[in-house]
Amino acid sequence: MKQRHQQKLVFISMVLLLGFNIPILLLFDSANSFLGFPVIYIYIFSAWLFSVLLSFIIIKRYHE
């Protein structure tokens, strides 16, 4: 794997580490809901989905 792709994947991991840190999670921990789901669930699953898709795109470009 190229160094550039590894750096991108490490950057995504660091952003997720910061994004799933307790002070950031507490920003979204409220009694409000969006479309019937608690806001914190939407934040966690959308961040997770975004990171998986971004990682997939990076890995896909590597194999081409």
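Student: In this predicted model, Leu53 has a relative accessibility of 45%; how does Leu53 count at that value?

Tutor: Buried means under 20% relative accessible area and exposed means over 50%, with partly exposed in between. Leu53 therefore counts as partly exposed, at 45% relative accessibility. Its place is in helix α3, which covers residues 39-63.

Student: Where does a patch of positive charge gather on the surface?

Tutor: Lys and Arg count as positive. In this model, Lys2, Arg4, Lys8 and Arg61 gather in such a patch on the surface. Among them, Lys8 is found in helix α1, residues 3-19. Because its relative accessibility is 34%, Lys8 counts as partly exposed.

Student: Is Ile12 buried or exposed?

Tutor: Ile12 also has its place in helix α1. With a relative accessible area of 10%, Ile12 is buried, because the limit for that class is under 20%. Ile12 and Ser55 lie 43 residues apart in sequence, while their C-alpha atoms are 7.8 Å apart in space.

Student: What separation is found between the C-alpha atoms of Leu26 and Tyr62?

Tutor: Leu26 and Tyr62 are 36 residues apart along the chain, and their C-alpha atoms are separated by 36 Å. Leu26 is placed in helix α2, residues 22-27. At 55% relative accessibility, Leu26 counts as exposed.

Student: What pattern does the protein chain follow along the sequence?

Tutor: One lists the helices and strands in order from the N terminus. The protein chain has 3 helices and 2 strands, and the order is α-α-β-β-α. The radius of gyration is 15 Å, well over the 11 Å that the globule rule gives for 64 residues, so the protein chain is more spread out than a compact globule.

Student: What box do the C-alpha atoms fill, and what share of the residues is buried?

Tutor: Taken along the principal axes, the box filled by the C-alpha atoms is roughly 45 × 25 × 5 Å. Buried residues make up 14% of the 64 residues in the protein chain.

Student: Which residue other than glycine has a positive phi, near 60 degrees?

Tutor: Most residues other than glycine have a negative phi. In this structure, Leu35 has a positive value, near 60 degrees. Leu35 is placed in the loop between β1 (33-34) and β2 (37-38).

Student: Is Leu35 buried or exposed?

Tutor: The limit for the exposed class is over 50%. Leu35 counts as exposed because its relative accessibility is 71%.

How values were computed:
Residues are numbered from 1 along each chain as its sequence is written. This is a predicted model: local features need pLDDT of at least 70, side-chain atom pairs count only at pLDDT 80 or more; totals for chains, interfaces and linings use all residues. Side-chain values use heavy atoms; hydrogens and water are left out. Patches are made of residues with over 30% relative accessible area and no salt bridge: like charges are joined within 9 Å, nonpolar side chains (Val, Leu, Ile, Met, Phe, Trp, Tyr) within 5 Å. Accessible areas come from the Shrake-Rupley method with a 1.4 Å probe; for residues, only the protein chains shown count as cover. A salt bridge is a side-chain nitrogen of Lys or Arg within 4 Å of a carboxyl oxygen of Asp or Glu. The place of a charge is taken as NZ of Lys, CZ of Arg, CG of Asp or CD of Glu. Helices (H or I, at least four residues) and strands (E, at least two) are DSSP runs, numbered from the N terminus. Buried means under 20% relative accessible area, exposed over 50%, partly exposed in between (1.4 Å probe, protein chains only). The radius of gyration is taken over C-alpha atoms; the globule rule is 2.2 Å times the number of residues to the power 0.38.
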